[in-house]
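Please keep the sequence and the model in view while reading.

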Amino acid sequence: MIIIEDINIEPDEEERRAIMSEELNNGTMETMDDYAKELEEPFKRVREGDTLTGTVVNVSEDQIMVDLKYYAGGIIKKEDFSNDPDFNLMESIHAGDEITATVVSTDDGEGNIVLSRKEANDQMAWEKLTRMLEERTVVSVKIEDVVNSGVVTQLEGIRAFIPASKLAAEYVEDLNDYKGKTIDVTVITAEPDNNRLVLSGREPARQKLMEEKSKKIARCEVGAVMEGTVDSLKPYGAFINLDNGLSGLLHISQISTQRIKHPGVVLKEGQTVKVKIISTDNNKISLSMKALLDNDTPDEEVFDYKESGTASTGLGDLLKGLKF
């Protein structure tokens, strides 16, 4: 009869210690410290006012469910997510998104932690608005309502005011014409402590007009002859509104072949004239009537100009006073 003795395959204490030491040195041995964070998460104390970060697990039209890695889930209602009445939760938020929000209540009566994104949103919004102010960023907003001396809108979820004097390139008489319109604006005042946000549409509007003017001027050819209307008279010349919608300066030296003391001697406001473009330098149009005159051209009509700004025909009388 053969007797087989039991073989002890368990390592002795010395071998066990050697194996543990090797695992620790190699970083392969798991310890309680490795699970400390996971073990502590469900038991941490949550208080109102705390800021928590979680992962969106469900989105509906009215609320968002958030996994906080806590024994209770988080819930954010639509009205606690954004100040923007047109904000759409299902379009903007999706399962898997990470959300940071503030604890409003530790229990909504159904075991959920009630969160609000507004406070966190407002802080981030004001930081962004301050950068917009510093960088003169141009953004589009929709005019929501008309109030005393201006209009109101929303930018980054914050209510903003646009004074009537800052609404457009020129002063707007009827503010109601802008209700519902979308315009470009820049931030000119951002005071989070006073919850004061002021915008301006004037600078972007004027910039747009300048760009359009530059494009039109670029299409103007030096040497081209155009018709225009005398818009205003100045001691140094006359401003002419051209048929293409632009305005040019007709310098006093370019009005007549004769030396005149004031543009009103030859021109009057509202008069239609033919002019030649002689320069478009520096994005300004310079005009000339003199360049269109030749030796066979009859003397231009001369007016009796008075300092009051009125002009009346008096060719005979004025020719007596002119030196040739």
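## The largest pocket

In this predicted model, 18 residues line the largest pocket, and those nearest its centre are Ser82, Asn121, Ala125, Glu156 and Gly157. A pocket here is an open set of points on a 1 Å grid over the protein atoms alone, where a 1.4 Å probe fits, with protein on both sides within 12 Å along at least five of seven lines, and lining residues have an atom within 4 Å of a point. Two or more lining residues come from each of α4 (118-135), β6 (139-142) and β8 (150-155), and α4 contributes the most, with six residues. Helices (H or I, at least four residues) and strands (E, at least two) are DSSP runs numbered from the N terminus.

The space in this pocket is about 380 Å³, and its lining comprises six nonpolar, six polar and six charged residues.

Residues are numbered from 1 along each chain as its sequence is written. Because the model is predicted, local features need pLDDT of at least 70 and side-chain atom pairs count only at pLDDT 80 or more, while totals for chains, interfaces and linings use all residues, and side-chain values use heavy atoms, without hydrogens and water.

## Two positive phi angles

Glu156, in the loop between β8 and β9 (158-163), has a positive phi of about 55 degrees although it is not a glycine. Arg136, in the loop between α4 and β6, likewise has a positive phi of about 55 degrees without being a glycine. Glu156 is partly exposed at 35% relative accessible area, and Arg136 is partly exposed at 40%; buried means under 20%, exposed over 50%, and partly exposed in between, with a 1.4 Å probe and protein chains only.

Beyond its neighbours within four places in sequence, Leu155 is in contact (heavy atoms within 4.5 Å) with residues including Leu129, Val141 and Leu197.

## Ser288

Ser288 belongs to strand β16 (residues 286-288) and is buried, at 0% relative accessibility. A polar atom of its side chain lies 2.9 Å from the backbone nitrogen of Ala291.

Methods:
Points joined across faces, edges and corners; volume = space filled by probe spheres on them. Nonpolar A, V, L, I, M, F, W, Y, C, P; charged D, E, K, R; others polar. Polar contact = N/O pair within 3.5 Å; in protein donor to acceptor, adjacent residues only side chain to side chain.
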